[in-house]
Each structure stands twice: as structure tokens, then as C-alpha cells.
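Two contact surfaces are worth a walk-through here. Load the model and follow along.

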Amino acid sequence: MSLAVAQLSARRGTRQVLTGVSFTAHRGEILGVIGPNGAGKTTLFECVAGLLPFEGTVDHDLLFYVPDAIRPWPDQTVRWTLELMARMFGTRLDETLLDDLDLVALQHATVKSLSKGEAKRLDIAIGLAAPRTVLLLDEPFDGLDLRQTRQVMEVLRRDAANGRTLVLSIHQLSDAARVCDRFLLLDHGRSVAEGTLDELTSGVGGLEEVFLALT
Amino acid sequence: MRLRDLVRKEIAELAASRAFWLLLLIVGLLTGQSFITAMNAYAEASGIGGGPAALAQGLSPLDGILTPTLGAYDLAITLLLPFVVIRLIASEKSSDALKLMLQWPASIERQIAAKVIALIAAWVVSLAPFFIALAMWRSYGGHLHAPEVLNLIAGYTLRFLLTAAIAMAAASLMSGAANAAIVVLAFTIGTWALDFIATGRGGILQTLASFTPAATLRGFERGLLRVDVVLVMLILSIFGFSLAANWLHLGRTLKARIAGTAVLLILATLATMNVLMLVRTSFDVSENRRNSFSHADENTLAHITERLTITVFLASEDPRMMDFENNVLLKLRRSMPDVSVIYPLAGRSGLFENDARYGTIEYRLGTKSAMSRSTTEEIVLDSIYELAGVRAPARAASAYPGYPLAKKPNGATLVFYALWPAALGAVILSRRSRAARSAKTA
């Protein structure tokens, strides 16, 4: 087990965003966190990463979380950013990352000059550059076209196969169904279901039907 | 993780910031303007136009050249530096880079320390125009007294650190760069107000006011190195940086962060109070010993152990008050073990004072007292010696020769207004072309 969350509750200001969320993620699996807008997916990730105060318990191996749609150090280049990430963890940048995520041609472009999809690929590269056994990615396919989505899924699958646990927050259910091994369904800050696609959809239909039925 | 890597990252961020390059450009121009104006005034006072030269003893490079030239940095530190510092934090907050940084295997305290080191490096770079001015002054044949130069730089460096700490704390506490800038500006205006209100009032208010950035600089500009001022400025700076680190811990509850602030505040207050109560050491590093009585007087005064109470019936803005503060009280506080000063008048100008005692100064030593209207050093000292029943020592004339220099700042306009901006432009262009070349080869 790489990540175990039990009875996690959190507030943003006076608003209760998460209530008693529990789930586990195992080594080498891809867990998809799905749920409607405002279900608490991002808050859950920030709590697990220690970036928001919470109640409950979180047990995990070394983990890293990449928020959605960030453009860190906008005046620096893509290569500088990735090398910084690797250096901060005491490693060297794995050049294949640039290749895998189509960033070679962009390596000397400044972060602020990237398009939405390019920035998203950088964000994923940032996560993969961190040598952590658990990686949380918030909306990793948002802003990517179909070809890029498939390419990133392939990269993530390969990474999980190498033993890293991936926890992905995904609002496109079709994407989630294609890449994730198991799912955690959140609604109004509560976990309403957890399991594999088969477990969740038995007797109901597809993931979309489950989503509509439970949220 | 090595601190060096963190510092490298911060230096790269500073170098990528337009605010920093703008600061360098403006500092160069301001320093040049200050230096040229100071040189011209100094040359005139030295008799360059054929007119009467001022008394040589009154011509000190500290007052005439160093202080006005470095004074340009006061403006830069007050009005420009906060934006450079705020950007270092606010940009990482708004771009969510902070969320990545908080997950690095380096504490946020360590990362703040790296930012401080990078800022100090940037400060040293920004001092280049000042060093150029010093080199030009020497090349014209001007005189420099190293302890005065170093003391002045130390004062401005402390001022820089304090402002950087305030800006960093504000950027960490506030939600946006604009809000942080307003907080820093409010702090600066607040210290100006305190400085204005507290002058010549005595008590805790005047003690507090003596630690405002403007007041602390005045001491360094006089060639006075007060250990208590250095320590208090360092304590306040460390407090500001620690406050910044405390508020950047996003994973802590609001309560925990408020508690952290309270703890830091208590520690800073206790440390400051200890310094104020226990530390009185100061060093007069001025070449003309303007902050000290003659050695003979200092020796005699040091042996008067009874408390000397001085009641000054002068308003805070009366010019005599300024003379008395700088030429007598400052030296007495440094020379005698126990001096207490009372400022009984509330008015500022003294124009509407009906008190018949206005203009007098009362000295009380044990059971004896004396009244005088003089603010002249020798007369005041004689009054104190008479009260103490000791003989006034023989006083030698000042050995300070003074350093007149009747030379125009030839070439300074070219250096500061053309070469400095051109050099900065060349550095920026070379950085850009290097980046463009890298992009092309990719």
C-alpha cells in the first residue's frame, strides 16, 4: 500500500469541503479520483500533499503533487524548470522525459510563453521529474488534444508499470475509464464509491451511469 | 538539498526579474546624480571658483561625498527594493510554484534563507555604482577613511535587510503583490510619522523612534556604530524573515500560524528589550571624532558615577535642540555611565511657549543643580565638572586636518548616465541572445 487516507475532513475558510473521506492506493496502480465540479478533488489532493490543514490520517510513501494549470517560474525556460525540479530532489533530469512529453522543441521557451496544452505537458513532466513513489496529478489531461492525451496516458501507464503509484483527478470520465485501474468517486466532499471499473459498473452500465446515479 | 542550489535558483529568479534590472538602472542614475551634485558642492566649498574656501577642518568626505552619494540608495531601498522582494514571493504564490516548493526536501525556512542570501548578493551588485563613485573620488585625489566607508555601508546594508524582511513578510501575509506593496508603504510612512512625532519628546516614544530606518541611518551617517542599533535591526530583520516563513506554511492551520506569529513577536520583543536594557556599546568611527568628547574629557566624565539628570526646556524643532542633541547629549550618553534626559515641553516649534524657563537647560547631579542657556560643548562640560567638583581637563585642539578638494567630477556624467545604462543593456542583450541561440539549436 502506497497511500492510505482515513476519515479525512477539511475546510476552506468556513466551508466544509471534505467530510470523512477514506481510500487507499496501491503500488503501481493508477487511481482515478472522479466527481462533479466542487466535489473536493483538488482539496483532497492538497490535504494529502500537506498543503492544506485537515483532520484524519494520511499514511503514504514519499509523494509529490502537481496542481492543475500551474505555470511555475513563468520567466524561466522549460528546461530550467525541469532541471530545477530534478536538482531539488538531488537527481539529474531524465532527458527522455522531454522526448516522451514532446517538450524537446520547447525546452528553451519561457514557461509564460507556453500554450495551455504545452503548459500541461510541462506540469506532468514536473511531476514525473520528482523521484517520488506516489504522484498526484490534478487534471492531467485538461487542455490536451486527443493525440497528446493518448501520448500522456501511455507515459503514465509506463510510469505506473515501473512501480510508481499515480493518483489522478479527472473530470472527463472517458479519459478516466481509459487510463485508471481503480476509481474513487467523490460527491459533495464525501467518498461515495471506490473500486475497479467492473466493481463500480456491475449491473449499472458504464462509468457515466455510475457517475449520474451516485452524484 | 544543498543551500547552494536554492541560492542559485533565487539568483536566477532575480536575474529574470525586470524589477531588479530597473532597480540597478535607477540606482546607477541616482547615485551618479548624487555624486556629481556632491562633488560640485564640495569643490565650491573648497574654493574652486576662486571664492573663499570653507575652513579646511569643516570639509569632511563623510559629510560632503559619502553620505550624499550613498543617500541615493535610501530612495532606492524605500521605493524600489520592496517591489523586487515582493515579486520573489508573490510570483511564486500566484503561479502556485510555492505548492511545488513546499514539497521539496528543503524546509521553507531554508528556502527563505536562500532568498535572503540571493538578495544580499543582489545588494552587493547594486552597490557597484557607489563603488565606482568611490573609485572616481579617489582618482580625483579625494580622501577616504576606511572605517567611515565600511560603517556607512554596514548601516545601509542593515537598512536594506530590514526593508527586505518587511517586504517579504508582507508578501507572505497578503494575498497579492499590490496588497503587500501597500503594507510596506504604510510601514514606511508609519516610521516617518513616528520619527517626526517622537523627536525631542523623550521616553519610550523617542527610544522607539531611534530605531526607525531613517533614524538609524543618521547614526551611521555620523560615523557612529551603535551595537544596540545593529542588534535591534538584525532582530527585526530576522523577525520579518521568520514571519514570512511562518505564513508560507500552507499546510498549517490559521490558528497555528497566528500562534507562530505570537511566539515570534514575543521572542523579538524580549530580545529587543534585552538589547535596549543591556547594550550601550558604541564606536565612534568618524575620522574627526565628531561623536566623542576629547579623550581627556571622556576619561574625566567616565569617573562621574552619580546620575546626571538634564532637563531641556527647548521645543523639539528649535535649532538649539538639534545642536544640543548632536553635539552634547549624544556624546554625554556615550561618555557617562548614567545620564537621564527630560523633555518637559510638549510644543514642537517653541514659538508659543509661555514658560519663562524656555531656552534653559538644567543639570542635576546628586543634590546639586545648575542652569544654563548654552548648548556649546565646552560650557556644558564645565557646568558638569563644577557640579561634580572635578577640575576640567586641558583640551587639545582637534587634530583633524579636513580634506578640501577643488575638483570637478570630470567624466562622471559619462560613466553614470551613459556607460552604466549601456553596460546593463549589454548584459540584458547578451542574456537574451544566449537564450535565443539555445532555442534555435533546440
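Predicted model: local features only at pLDDT ≥ 70, side-chain atom pairs only at ≥ 80, totals over all residues.

Residues are numbered from 1 along each chain as its sequence is written, chains are lettered from A and ligands numbered from 1 in the order in which they are written, and side-chain values use heavy atoms, with hydrogens and water left out.

Start with chain B against chain A. Here 29 residues of chain B are in contact with 29 residues of chain A (contact means heavy atoms within 4.5 Å). The size of an interface is often given as the accessible area lost when the parts come together. The two chains bury about 2300 Å² between them, with 63% of it on carbon and sulfur atoms (buried area is the accessible area, taken with a 1.4 Å probe, that two parts lose on being put together, summed over both). On the chain B side, Leu100(B), Gln103(B) and Trp104(B) lose the most area to chain A, together 27% of what that side buries.

Now the charges. The count between the chains is 3 salt bridges (a side-chain nitrogen of Lys or Arg within 4 Å of a carboxyl oxygen of Asp or Glu). Glu46(A) forms a salt bridge with Lys99(B), and their closest N and O atoms are 2.7 Å apart.

Which elements of chain B touch chain A? Helix 1 (3-15), helix 4 (81-94), helix 5 (97-101) and helix 17 (412-441) of chain B each supply at least two residues (helices, H or I, of at least four residues and strands, E, of at least two are DSSP runs, numbered from the N terminus). Helix 1 of chain B gives the largest share, 6 residues. By class, this side of chain B divides into 14 nonpolar, 6 polar and 9 charged residues (Ala, Val, Leu, Ile, Met, Phe, Trp, Tyr, Cys and Pro count as nonpolar, Asp, Glu, Lys and Arg as charged, and the others, Gly among them, as polar).

Next, look inside chain B. Its domain assignment gives domain 1 (3-284 + 409-430) and domain 2 (295-388) (bounds come from an automatic or database assignment). Their C-alpha centres lie 34 Å apart. Domain 1 of chain B and domain 2 of chain B bury about 1100 Å² between them, 39% of it on carbon and sulfur atoms.
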